[in-house]
Amino acid sequence: MYTVEDFVRRAMASRGLICYGTGKRFQVFVEHFRGTQVLDKVAFCVDRDAGLHGSQVSVGDRMVDVLPIELLTEIKERGMVLLITNVRYQDVLSDLSAKRLLPAEEDYFCFTHLYGMILEEQAMAKSIPVDCRLTGNAVIPKVIHYCWFGRNPIPEHYKRWMESWHTYCPDYEIREWNEDNYDITKNQYMYEAYQHKKWGFVPDYARLDIIYEHGGIYLDTDVELVGNLDDLRYQMGFAGFERPGLINLGLGFGAVKGLPIIRRMRDAYNDLCFVQQDGSLNLTASPVYQTDFLLREGLNLNGEYQKLGDFVIYPEKMLSGKCPYTRRVRLAPYTKSIHHFDASWVDDAWKERNRRFEAEMNAK
């Protein structure tokens, strides 16, 4: 697998860089390399959207053309390099391969991979206080909660990850919540997700409600522990960044019973519907809602350790030892867990492509 340095060397040695896609991830690429010679190498962009052909996009201090993807046939003969900036790069690779437009392996890069490596280095550099214990006594109960709705058996690879909970927290009570011991009708968003068998969305409300009513620590079933959680119990509540700009409660979060910020985050779901007025499903991932809520509470999106009153926000590597982009596990000295981002709501083909890529990355 290539590195950021490999990309820069290859781009600078080429006769030009072609960018596939002109959306948000393309803008992230431009912003990251702003002021460098890499942007000077961008010759033009290509896009599947015919409505964009003939237009121009800003690349630093100049404009470049947006052209049809068929021009990718010229990459090899012109000595150029392709940078795929789309988030769903797997789909782009499949499409280009089917159309016989995919360049040789050494002639293309995916910015999602590069961006993940950049974020990994930033995450590894973030620190936490030497002593994170904010209360004299451990106030969060020794209980790990998890949700499993739908009555399907828990997959074996989930069970292996969950076994680590017993290994690192042997004296904790581990409590499963399901439709037999939890009222899934108490919130409309949650109940509609359940009725449509979108099991990955049902816990979005339930986990907040459970922690508010009972206290303790919640973990998604695709979380593997690599350390004991006792240190996290010496504060009123906590959560963590998945990456700068995004909080994800599925990584793991905890609180004392009745913490007001947990109640307010839970009650924000009372204003949401899973089935929208036009009949389509609201598939907005929960970290979007969680981050928006915490922004109103004073969250800084810099990915650093911070306190929102009684609620502590940890850097990415506290609760997420795996980068969601590179799928690579890298642990900081203080890492407590690995979130495997199994993404139960996405299709099996997408997950299989991610697993193959993950195996390749972790073999490096």
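How far is the sulfur of C147 from the closest cysteine sulfur? It is 18 Å from the one in C169, which is too far for a bond.

This is a predicted model: local features need pLDDT of at least 70, side-chain atom pairs count only at pLDDT 80 or more, and totals for chains, interfaces and linings use all residues. Residues are numbered from 1 along each chain as its sequence is written, and side-chain values use heavy atoms, leaving out hydrogens and water.

**View 1. Cysteines without a disulfide.** The structure holds zero disulfides, a disulfide being a pair of cysteine sulfur atoms within 2.5 Å. For C169, the closest cysteine sulfur is in C132, 16 Å away, so the two are too far apart for a bond. C169 is buried at 1% relative accessible area. C147 is buried too, at 7%. Buried means under 20% relative accessible area, exposed over 50%, and partly exposed in between (1.4 Å probe, protein chains only).

**View 2. A six-stranded open sheet.** The strand order is β3-β4-β2-β1-β5-β6, with mixed pairing. Helices (H or I, at least four residues) and strands (E, at least two) are DSSP runs, numbered from the N terminus. The edge strands, β3 (56-59) and β6 (108-110), each pair on one side only. Two strands pair if DSSP finds at least two bridges between them. From one strand to the next, the twist averages 30°. β2 (42-46) and β4 (62-67) pair in the parallel sense over two bridges. C45 stands opposite V66 in β4.

**View 3. Helices on the sheet.** Helix α2 (24-32) packs on the sheet and touches β1 (17-20), β2, β3 and β5 (81-84). Its direction makes about 35° with that of β3. Helix α5 (89-98) lies across β1, β5 and β6, at about 135° to β5. Axes are lines fitted to C-alpha atoms, for helices over the stretch in contact; angles run from 0 to 180 degrees between N-to-C directions. Contact means heavy atoms within 4.5 Å.

**View 4. The buried face of α10.** In α10 (260-267), I261, I262, M265 and R266 are buried. Down the axis of α10, these residues fall within an arc of 140°, so they line one face of the helix. The arc is taken from the directions from the helix axis to the C-beta atoms. They pack against α9 (203-214), β13 (253-255), α11 (286-296) and β15 (311-314).

**View 5. A buried loop lysine.** K336 sits in the loop between α12 (316-319) and β16 (337-339). K336 is buried, with 13% relative accessible area. Leaving aside neighbours within four places in sequence, its contacts include L225, N228, D231 and K317.
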